[in-house]
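Thank you all for coming; I would like to walk you slowly through one part of a model. Please have a look at the sequence and the structure first, and then we will go on together.

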Amino acid sequence: MIELWHADETGTYDNNGYKLRGHQFTDAEGKWWFETIVPGLYPGRTRHYHVKVQRPGGNVLTTQLYFADEPDNRRDRIFNADLLLDIKTTSDGKFGRYDFIVA
């Protein structure tokens, strides 16, 4: 199971209606994908997605995924370059990839 949440385009989290939040399950090969916006910036943080990943019966991994070439990456105290999304431009927008390995 994957749980994902992030700020809107203005950098605001919806803590009332809980938009831009959700969860889903992988396919049989462990693949999953979602369609959403690039989150806006808010003070003190770089652009990111919050993610929780859990295999059946396993521990929950809670982390964040980041965007390359963001000016605030250098200033964000919890930014981790190991958690950068690999983003490619496609014919219908952009596609970001990150491979999780959960035990």
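**Arg47 and the strands around it**

Let me begin with Arg47, whose place is in the loop between strand 2 (21-24) and strand 3 (48-54), strands being DSSP runs of E with at least two residues, numbered from the N terminus. This is a predicted model, in which local features need pLDDT of at least 70, side-chain atom pairs count only at pLDDT 80 or more, and totals for chains, interfaces and linings use all residues. Residues are numbered from 1 along each chain as its sequence is written, and side-chain values use heavy atoms, with hydrogens and water left out.

Is Arg47 buried or exposed? Arg47 counts as buried because its relative accessibility is 17%, and buried means under 20% relative accessible area, with a 1.4 Å probe and protein chains only. The side chain of Arg47 makes a polar contact with the side chain of Glu70 at 2.9 Å, that is, a pair of N or O atoms within 3.5 Å, where one must be able to donate a hydrogen and the other to accept it. A polar atom of the Arg47 side chain also lies 2.7 Å from the backbone oxygen of Pro39.

Strand 3 is joined to strand 4 by 7 bridges, and the two run antiparallel, with Lys52 standing opposite Thr62 in strand 4. Strand 4 (residues 60-66) also holds Leu65, which is buried at a relative accessible area of 4%.

Note on methods:
Helix = DSSP H or I, 4+ residues; strand = E, 2+ residues; numbered from the N terminus. Buried < 20%, exposed > 50% of the residue type's maximum accessible area, 1.4 Å probe, protein only. Pairing = 2+ DSSP bridges.
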